[in-house]
Amino acid sequence: MFVFFLLGIYGRVIAYLPSWCVSLLCALVARVALLTSLRSRVERGMRRFPWTRDYDVEELTREHIRFLVDVFHKLLYSRYHHQPKYRVAAEVKREGEEYLQEALKNKGGAILVSLHLGNFLWSISYLASAYPTNLVIRGETNTRWESFAMKMRQKVGIKTVYTEGAVLKIKKKLKKKEIVIFVIDQYLLPFFHGPHHPFREIIPRLVRLTSAPVIPFYTLQDGRQIILRFLPPLNEVSSSELEDIMIQGIKESPHLWFWWRRLGRGKRGHRKS
């Protein structure tokens, strides 16, 4: 309770500070975070990948922790600023949006798939400002965190679909020409739960049930600009194809992938090169 009280005070303050002041705060918080166990956990996660030998992992870790701190502050901004949509629209640049617009000309909606890469919550917030947007999630076990996240999503216009009994809800959303978004890397990638986890087949199964187009997207960063990059709709939707797309996204922007610390907690599943 006390933690959420302090978080609320801090969030309300930073939501209205000038950007240069928030940037200084982020730099300070990142320096402190580098002195904690977070640093070793992130490094351990990164070193599980053979291809990270081509990188300076220590420098990559510093970049990643600064990225996590920036995401945390943008999350607080979205939750506590009275009109966060204007800044989101100004900072998100779109590439390949014509793929989505073309898909929505058909009878139904579209399924969008991505991974926890970059400031994905802001790119999804942009989508919610332009299209009827639904985010499929599993609820947080901590009810206070779930309430915090729900209020943030509501403020930026993201509609929530919980995974329990989601199939019928998703079919209805697609029939109404809405967007349904899955951020599914922690279930799809085999080094978390192994190569046979049932969640890996969620998207292929939905496509068979709905015939909806599937459009992958990445959330990238160029300075302060957040880039929402759409890929062409998939001709063939399979868990292996989705896995390859997500691995490629991590390889291209490793410091922007959200789950290095989770992967560094201990040995899980199988390593993916």
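The structure, a predicted model, holds 1 cavity of 30 Å³ or more, a cavity being a set of points on a 1 Å grid over the protein atoms alone where a 1.4 Å probe fits but cannot get out. About 30 Å³ of space lies in the largest cavity, where grid points are joined across faces, edges and corners and the volume is the space filled by probe spheres set on the points. Its lining, meaning residues with an atom within 4 Å of a point, consists of Val113, Ser114, Leu115, Pro216, Phe217, Tyr218, Leu242, Ile245 and Met246. The elements that give two or more residues to this lining are tabulated here; helices (H or I, at least four residues) and strands (E, at least two) are DSSP runs, numbered from the N terminus.

| Element | Residues |
|---|---|
| strand E2 | 110–114 |
| strand E6 | 214–222 |
| helix H13 | 239–252 |

Helix H1 (residues 2–14) has 13 residues that, at 1.5 Å a residue, should span 18 Å, and its end C-alpha atoms are 18 Å apart, which agrees; the expected span is 1.5 Å times one less than the number of residues.

Residues are numbered from 1 along each chain as its sequence is written. In this predicted model local features need pLDDT of at least 70, side-chain atom pairs count only at pLDDT 80 or more, and totals for chains, interfaces and linings use all residues, while side-chain values use heavy atoms, with hydrogens and water left out.

Terms used: On a 1 Å grid over the protein atoms alone, a cavity is a set of points where a 1.4 Å probe fits but cannot get out, and a pocket is an open set with protein on both sides within 12 Å along at least five of seven lines; lining residues have an atom within 4 Å of a point.
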